[in-house]
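Please consult the sequence and model below while reading.

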Amino acid sequence: MALRAAGRQSLVDSVVEQLRAQLAEGEWEVGDRVPTEHALAEQLQVGRNTVREAVRVLVHAGMLQSRQGEGTFVVSTTDPAEVMRGVRRAGIRDVLELRIALEAEGARLAALRHSPDDLRRMRAALESLEAFGDAGEPPADSHHELHAAHDLEFHTAVVEAAHNAALSATYGWFSSSVRDSLVASLGDREVPSIVPADHRALVDAIASGDPAAAEAAARALLEAPKRAIEALLATG
């Protein structure tokens, strides 16, 4: 499929969008070498410098990879930034359901692979969460954000105890949406508050080395807020 000629304004952005669209539509598959700067410049009717800058943008985005002396190759047909924007536009129920999927698998693997350091990190995060919850400070926005940060540190410790680099990277990338949903939940009286006992049960299940129990504990921990959110959406 031939690329359409780019307009004269915002040339780099225009070329980036056209190349991104071609990648998404399957013009080039993962592993393919894209046309040379000269060929792309002719197809787009722009200068080679414009093409070079557009390629740099897509390399930075993780869609292309430049190899010295070999050319530029496709490493992903999906723009991670666009995926992240989609996640951030998702509703709180969607985010919670994805959390359950990631954290349940993380807990299951953590039961099989955790180290003593992993357990110490989880317990330290839980102690900080419990201490914060006992502080009795007024429910200001900043308080909710700090509370969410402590809770997120605990869940991140659980996921990273799985020792799966892809899972950790995905959860880390997703964590800003988790934090936002936690802050929103903490500010809603209809959503159950964070229960440290449920978190302790999860740590105990991981420490026991029972993957099924750990997965069940992770799901149980998020089941109450999931039901609350579903009830609110049903009545809304």
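## Basis

The model is predicted: local features need pLDDT of at least 70 and side-chain atom pairs count only at pLDDT 80 or more, while totals for chains, interfaces and linings use all residues. Residues are numbered from 1 along each chain as its sequence is written, and side-chain values use heavy atoms, with hydrogens and water left out.

## Helix H5

Helices are DSSP runs (H or I, at least four residues), numbered from the N terminus. H5 covers residues 92–113, and its 22 residues should span 32 Å at 1.5 Å a residue; the end C-alpha atoms lie 30 Å apart, which agrees. The expected span is 1.5 Å times one less than the number of residues.

Buried means under 20% relative accessible area, exposed over 50%, and partly exposed in between (1.4 Å probe, protein chains only). Among the buried residues of H5 are Arg 99, Glu 103 and Gly 106.

## Salt bridges

The whole structure holds 12 salt bridges, each a side-chain nitrogen of Lys or Arg within 4 Å of a carboxyl oxygen of Asp or Glu. In one of them, Glu 17 meets Arg 20 at 2.3 Å, N to O. Both residues lie in helix H1, three residues apart. Arg 20 is buried at 17%, whereas Glu 17 is partly exposed at 46%.

Arg 227 and Glu 223 pair at 3.8 Å; they are four residues apart in helix H10, so about one helical turn separates them.

Technical notes
Helix = DSSP H or I, 4+ residues; strand = E, 2+ residues; numbered from the N terminus.
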